[in-house]
Amino acid sequence: MNSKTGIWFYIKNYKFNSIFIKNFLLIVILIFLPLAGLNVAVYNYFNDITKDEASASAQDAISRVRDVVDLIALEIDRLSVRIASNIEVISLLETSIGRFPDYETIQRFQNVWNQISVTTITSDYIDSIYIYSEKNNYVLSTTKGSSEFEYFYDVSWKNEYDEKKYEFKRWTTYRRVAQQFNKDIYYNFITTFCLIPIYDSKILGVAVINVNADKLGKLINNFNNDPFKSVYIIDENNSI
């Protein structure tokens, strides 16, 4: 192509006096720039709508999960208080068991065990309940019956109980507990402690309620309608 008839020839010699350049700039200013601006505005508009919808959906899911967690926490709290204020439980912890318990003591054990076992049988997330006697160094458990503490399979909670029993009446903590017959398998427990009796300065023992965190997580996820979303609960120690 002859350079004198090429586009660069017109641009070089006529610059902005060229009709082509004028028309080109006119098209850019009147058509392309408004279209580009419109595209940016539309994108930002729909992007804001998508963010608002996602935020509203997340808030709805969080609200449902929060309500469920609040109900579960309230249930555990009330259960711990019922056990810690139960006259039969208090009477049992005040009794000296001895090496060979008499018939009346055995009946007390059985009655208390029946009461606390119903809770774990009917619950979807409460794994086990322990009642520990300071006087007898004895544990009554919904999973393993009754045993002297030194022979009990789960002893990891005892140190925390000894450390906090003079500071708190009730508290909750996270624990990992190895399975009794397979130490490579662990249970994730959210454990609530409640001193017995709850409304007295003396300490006869403690009620230990173990919530299975994995089962609780599955229950919470049932309230999440979006399979692409995950719900995490983080405590004040940043534990998930």
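**Entry 1. Cap of helix 6**

I began at Asn212, which caps the N-terminal end of helix 6 with a side-chain oxygen 3.0 Å from the backbone nitrogen of Asp214. I took a polar contact as a pair of N or O atoms within 3.5 Å; within protein, one must be able to donate a hydrogen and the other to accept it, and residues adjacent in sequence count only if both atoms are side-chain atoms. Helices (H or I, at least four residues) and strands (E, at least two) are DSSP runs numbered from the N terminus.

**Entry 2. Basis of the model**

I noted that this is a predicted model, in which local features need pLDDT of at least 70 and side-chain atom pairs count only at pLDDT 80 or more, while totals for chains, interfaces and linings use all residues. Residues are numbered from 1 along each chain as its sequence is written, and side-chain values use heavy atoms, with hydrogens and water left out.

I then looked up pLDDT, the predictor's confidence in each residue, from 0 to 100. The chain has a mean of 78, with 72% of its residues at 70 or more. Among the elements, helix 1 (residues 7-14) has the lowest mean, 56, and strand 6 (residues 205-212) has the highest, 94.

**Entry 3. Overall layout**

I recorded six helices and six strands, in the order α-α-α-α-β-β-β-α-β-β-β-α from the N terminus. Of the 240 residues, 33% count as buried; buried means under 20% relative accessible area, exposed over 50% and partly exposed in between (1.4 Å probe, protein chains only). For contacts I used heavy atoms within 4.5 Å. Of the contacts with a separation of 6 or more, 52% join residues 24 or more positions apart.

**Entry 4. Buried sides of the helices**

In helix 6 (residues 213-221), I found Ala213, Leu216 and Ile220 buried. Seen down the axis, these residues fall within an arc of 60°, so they line one face of helix 6. The arc is that of the directions from the helix axis to the C-beta atoms.

In helix 5 (residues 157-164), Trp157, Lys158, Glu160 and Tyr161 are buried. Their arc of only 165° puts them on the same side of helix 5, whereas Asn159 and Glu163 on the other side are exposed. The buried residues of helix 5 pack against strands 1, 2, 4, 5 and 6.

In helix 3, I listed Val89, Ile90, Leu92 and Leu93 as buried. They cover an arc of only 160°, which puts them on the same side of helix 3. Asn86 caps the N-terminal end of helix 3, with a side-chain oxygen 2.8 Å from the backbone nitrogen of Glu88.

**Entry 5. Thr120**

I located Thr120 in helix 4 (residues 103-122). Its relative accessibility is 15%, so Thr120 counts as buried. A polar atom of the Thr120 side chain lies 2.9 Å from the backbone oxygen of Ser117. Leaving out residues up to four places away in sequence, Thr120 touches Ile126, Asp127, Ser128, Ile129 and Thr142.

**Entry 6. Cavity**

I searched the whole structure and noted one cavity of 30 Å³ or more. A cavity is a set of points on a 1 Å grid over the protein atoms alone where a 1.4 Å probe fits but cannot get out; lining residues have an atom within 4 Å of a point. The largest cavity has a volume of about 50 Å³, the volume being the space filled by probe spheres set on the points, which are joined across faces, edges and corners. Its lining includes Leu92, Leu93, Ile131 and Tyr138. Helix 3, strand 1 and strand 2 each supply at least two lining residues, and the largest share, three residues, comes from strand 2.

Conventions
1 Å grid on protein atoms, 1.4 Å probe; cavity = no way out; pocket = protein on both sides within 12 Å on 5 of 7 lines; lining within 4 Å.
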